[in-house]
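New notebook page. I'm going through this structure one spot at a time and jotting down what I look up.

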Amino acid sequence: MKPTKQTEKLPKPDWLRIKLTTDGNYAEIKDMMRTKTLHTVCEEARCPNIYECWANRTATFMILGDICTRACRFCAVKTGMPTELDTQEPERVAEAAEQMGLRHCVVTSVARDDLKDGGASIFAGTIQAIRERVMFCRVEVLIPDFLGNEAALQVVMDAKPDILNHNIETVERLSDRVRARAKYARSLELLKRAKAMNPKIPTKSSIMLGLGETFEEILKTMDDLRAVDCNILTLGQYLQPTPNHLPLVRYVHPDEFAALKEEGLKRGFRHVESGPLVRSSYHAHEQTDSAVAAEERELSNV
């Protein structure tokens, strides 16, 4: 990836101040991840909410290793060619979920374009392993696009995750610049196919703001997601991980995030999580509870 120079660093606004909490829960979870040789997107992607989430005993597991075959220009995860596939990883994730007493577990991964199924079988195995160990735990998966491999998506959907999440990340105009190998239309097609495979499983997606998109383009992306019956939407502020990543164009004010939340709800999303520090899996349990309640209200009004 070629360095992207930012001529002037924007001052961080007050609403992005993060409270650092490194209490017993944080330290315990960090130690558990190291002991079980597990990875979390919280660490690998330098999520600003790691202190809050780990202190509350929540984490997003990142399977299929910690080396991604893509080099998306917004992402801090290491890139390169993975050397192995750990078939025992699903069981260790399930053990950690059981140890943490999770009732909502989020599982994501690096992109593994080197694998024929993109790692879909490991996703399915992880869902099954968690269900066997933690009976009442909901499982949300945040999957890559599998390069459009419909059979790979079917493997994941056959495992019946409680939430199927795939992030579109940005508006169509910026997509090729922001994402490596991923395509805007392919992401929409994946969400559409997931609904066709199992209409009862809620789908979810996320948009980063502050990369140069317009308000109208964000609304258009919302419309595109609703056209494939995406149910849950998260909107958050892009933060440049290193000087070599895409430069930040602007900080989006909380009032604009609030306005976008209203626009999303008007368009029929069952839940919209919108704010500067929001990430795809931030408060995932509460997002799902809200979406389920919204669906129940819809059905009661039929």
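This is a predicted model: local features need pLDDT of at least 70, side-chain atom pairs count only at pLDDT 80 or more; totals for chains, interfaces and linings use all residues.

**Entry 1: helix H9.** I began with the buried residues of H9, and I found Glu 217, Ile 218, Leu 219, Thr 221, Met 222, Asp 224 and Leu 225. Buried here means under 20% relative accessible area, while exposed is over 50% and partly exposed lies in between, with a 1.4 Å probe and protein chains only. Residues are numbered from 1 along each chain as its sequence is written, and side-chain values use heavy atoms, with hydrogens and water left out.

What covers the buried residues of H9? I noted helix H7 (172–178), helix H8 (184–197), strand E8 (203–209), strand E9 (232–237) and helix H10 (254–266) among the covering elements. The labels come from DSSP runs numbered from the N terminus: helices are H or I with at least four residues, strands are E with at least two.

H9 itself takes up residues 215–227, which makes 13 residues. From first C-alpha to last I get 19 Å, close to the 18 Å expected at 1.5 Å a residue. The expected span is 1.5 Å times one less than the number of residues. Just past the end of H9, Asp 229 has a positive phi of about 60°.

**Entry 2: H9 against H10.** Next I looked at how these two helices pack. Their angle is about 35° and their axes are 11 Å apart. The axes are lines fitted to C-alpha atoms, for helices over the stretch in contact, and angles run from 0 to 180 degrees between N-to-C directions.

Which residues make the contact? From H9 I wrote down Phe 215, Ile 218, Leu 219 and Met 222, and from H10 Glu 256, Leu 260, Glu 263 and Gly 264. Contact means heavy atoms within 4.5 Å. Sorted by type, the contact residues of H9 and H10 give five nonpolar, one polar and two charged. For that sorting, Ala, Val, Leu, Ile, Met, Phe, Trp, Tyr, Cys and Pro are nonpolar, Asp, Glu, Lys and Arg are charged, and the others, Gly among them, are polar.

**Entry 3: the aromatic pair.** How many aromatic pairs does the structure hold? I found one. The ring centres of Phe 123 and Phe 146 are 6.4 Å apart and the planes sit at 80°, so I logged the pair as edge-to-face. The rule covers rings of Phe, Tyr and Trp (its six-membered ring) with centres within 6.5 Å; planes under 30 degrees apart are stacked, over 60 edge-to-face, and the rest tilted. Phe 123 belongs to helix H5 (residues 120–133) and Phe 146 to the loop between strand E6 (138–142) and helix H6 (150–158), so the pair ties together parts that are 23 residues apart in sequence.

Phe 146 got a second look. Its phi is near 55°, which is positive in a residue other than glycine. Phe 146 is buried, at a relative accessible area of 5%. Leu 147 is in the loop between E6 and H6 and also has a phi near 55°. Is Leu 147 buried or partly exposed? I have it at 34% relative accessibility, so it goes down as partly exposed.

Entry 4: Ser 109 is in strand E5 (residues 104–109) and is buried at 13%. Leaving out residues up to four places away in sequence, Ser 109 touches Met 62, Ile 63, Leu 64, Phe 123, Leu 142 and Pro 144.

Met 157 is in helix H6 and is buried at 3% relative accessibility. With the sequence cut-off of four places, Met 157 touches Leu 164, Ala 194, Met 197, Asn 198 and Ile 201.

Ala 291 sits in helix H11 (residues 284–300), buried at 5%. Beyond four places in sequence, Ala 291 touches Ile 232, Arg 270 and His 271.

**Entry 5: the whole chain.** Last, I counted 11 helices and 10 strands. Of the 302 residues, 52% count as buried. Among contacts between residues at least 6 apart in sequence, 75% join residues at least 24 apart.
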